[in-house]
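Hello,

Here is the structure I promised to pass on to you. Have a look at it first, and then read on for what turned up.

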Amino acid sequence: MALVEVKVPDIGDFKDVAVIELLVKPGDAVAAEQSLLTVESDKASMEIPSSHAGVVKELKVALGDKVSEGSLVALLEVAGAAAAAAPAAAPAPAAAAPVAVPASPAAPLAPVVAAGPIDVVVPDIGDFDQVAVIEVFVKPGDSVKVEQSLITVESDKASMEIPSSHAGVVEAVLVKLGDKVSKGTPIVRVLATSAAAPATAVAAAAPPAPAAAAPATATSPAPSAVAMPAHAPATAVSAGLPHASPSIRKQARELGVPLAEVKGSGPKGRITQDDLQGFVKQVMSGAVQTAAQKAKAPAASAAGGGAFPGLLAWPQVDFAKFGPIERKDLSRIKKISGANLHRNWVLIPHVTNHDDCDITELEAFRVQLNKENEKSGVKVTMLAFMIKAAVAALKKFPEFNASIDGEQLVLKSYFHIGFAADTPNGLVVPVIKDADKKGILQISQEMGELAKKARDGKLSPADMSGGCFSISSLGGIGGRYFTPIINAPEVAIMGVCKSSLEPKWDGRAFQPRLMLPLSLSWDHRVIDGAAAARFNAYFGAVMTDFRRVML
């Protein structure tokens, strides 16, 4: 066996590009031309192939490293004959990167003035041929600048953005998603206001045509030869592409996976192989539904009960024949939360325990605390105390601080408590992280900040992820008891309603006591009735005598 160095081949004008994905690890057997890693610039991402077949002995790069042509990326153990037969660094693969074609010294460098509409075409992009259009950044009427990205194309090995050779207004977009393009393919027609950047143009524009003649044609600068500022196109025709390498997107197409619905765990949200496989497993197990599956559900239900054989079809009613109606689209939040709530209600065997707890002394303490801290601007609500009570109960009953993962129970050693926040667009659940390490005042401050972000529609996914247990409070509205729906993958949720003064017998007389209604919903697959009753009773006991949180 011989040890062979695999280096970055000629990748055009790309220099110091970042390693964003490692596709192999030491010990993996690889074939010649198999992709080893993915690199990315501001304009393109591409995969670096192996020059030999063999076994990966050592990776010489890590995520985030910068590489250029000739950079050592891996050491391979290969058979002696194979090592001698191939060079140490393979030439650029057929579809690995665009090749920069410098302008001819003899070519005039004066700008070309457009007399009318200009057809911007695909420039020389190396050995790329018949590559797919996977993203369109502009639409008719948009103003574009020279070198502003117009479309993204992708081969099996790389994706790149095609820039405009002229500034002007887009008159027509000549390609659509899925079209195949090559060098010279017209992509947009621009009513030009300036000519191409001469230093980077691959070919000069055609001479001005008479007014009645066909539009002139201009070749865009080669993507690898232009400067690489981050593009800021006008309103995109298509939604932003998922952040994934060409090989991941190819696998997703083969598997029928909608990458836009896969959450990436890699740098900058990049979708990895594990993310793709995990999403497929979740869909196959029924834990997740794709948007296409959800869209088919109403039709299937109307046809004959949907996914539940024997159910009657959903009633189809022409409501307008009974009187005036108005149709209004559901908000984005309600569409998302509605689908999740439906899944959780159907798949989780809910049981709800109702109880009351005496918060007379705690409410008096809360009022006093707010008076003492009036100048701080932090308002303490009863919900902050409930979050601390939940932490105490979760520590005492750890099966409530768990999640089901297949046939295993995941017991958590952290305490992140979610609280339902009502917004004009629907219900969201921000999460107080590490509530066990925070005091009442800090929790109250964070709750206020998260509630404001929720009302302003500025909550990030991180603000709503990682929850262990949730509290849904209707205290400011009213009601007595209700059945809160568990926020999967959690296994329980506490619902509270408006407190009220009630007469309670103290052994000698009836005394007015402030009572708080509790409604604990729990997952019967994980929790049994006795444990739920104990949890609810302990939670209420902590609220009645808050000194118990210190025990």
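Glu 502 counts as buried because its relative accessibility is 17%, where buried means under 20% relative accessible area, exposed over 50%, and partly exposed in between (1.4 Å probe, protein chains only). You will find Glu 502 in strand E27, residues 500–505. Helices (H or I, at least four residues) and strands (E, at least two) are DSSP runs, numbered from the N terminus. The side chain of Glu 502 is joined to that of Ser 500 by a polar contact of 3.4 Å. A polar contact is a pair of N or O atoms within 3.5 Å; within protein, one must be able to donate a hydrogen and the other to accept it, and residues adjacent in sequence count only if both atoms are side-chain atoms. Leaving aside residues up to four places away in sequence, Glu 502 touches Arg 480, Gln 511, Pro 512, Arg 513 and Met 515, with contact meaning heavy atoms within 4.5 Å.

Before going further, please keep in mind that this is a predicted model, in which local features need pLDDT of at least 70 and side-chain atom pairs count only at pLDDT 80 or more, while totals for chains, interfaces and linings use all residues. Residues are numbered from 1 along each chain as its sequence is written, and side-chain values use heavy atoms, with hydrogens and water left out.

Now for the chain as a whole. It has nine helices and 28 strands, and 42% of its 551 residues count as buried. Of the contacts between residues at least 6 apart in sequence, 65% join residues at least 24 apart. The chain exposes about 28,400 Å², with 57% of that supplied by carbon and sulfur atoms; accessible areas come from the Shrake-Rupley method with a 1.4 Å probe, and for residues only the protein chains shown count as cover.

Two other buried residues are worth a visit. Glu 161 sits in strand E13, residues 158–163, and counts as buried because its relative accessibility is 11%. Its side chain makes a polar contact of 2.7 Å with the side chain of Ser 149. Asn 536 belongs to helix H9, residues 529–544, and counts as buried because its relative accessibility is 2%. Which residues does Asn 536 touch, not counting residues up to four places away in sequence? They are Asn 353, His 354, Asp 355, Met 494, Leu 518 and Leu 520. The side chain of Asn 536 reaches the backbone oxygen of Asn 353 at 3.4 Å. Asn 536 and Asp 355 are 181 residues apart along the chain, and their C-alpha atoms are separated by 7.2 Å.

Next, a pair of helices. The axes of H7 (residues 382–396) and H8 (residues 440–455) come within 9 Å and cross at roughly 120 degrees. Axes here are lines fitted to C-alpha atoms, for helices over the stretch in contact, and angles run from 0 to 180 degrees between N-to-C directions. On the H7 side the contact is made by Leu 383, Ala 384, Phe 385, Ile 387 and Lys 388, and on the H8 side by Ile 440, Ile 443, Ser 444 and Met 447.

Asp 456 counts as partly exposed because its relative accessibility is 39%. The side chain of Asp 456 makes a polar contact with that of Lys 452 at 2.8 Å. Most residues other than glycine have a negative phi, and most peptide bonds are trans. Glu 33, which is not a glycine, has a positive phi of about 75 degrees; this residue is in the loop between strand E3 (29–30) and strand E4 (35–40). Glu 147, also not a glycine, has a positive phi of about 75 degrees, and is found in the loop between strand E11 (143–144) and strand E12 (149–154). The peptide bond from Ala 488 to Pro 489 is cis, with omega near 10 degrees, and Pro 489 is in the loop between E25 and strand E26 (492–496).

Best wishes
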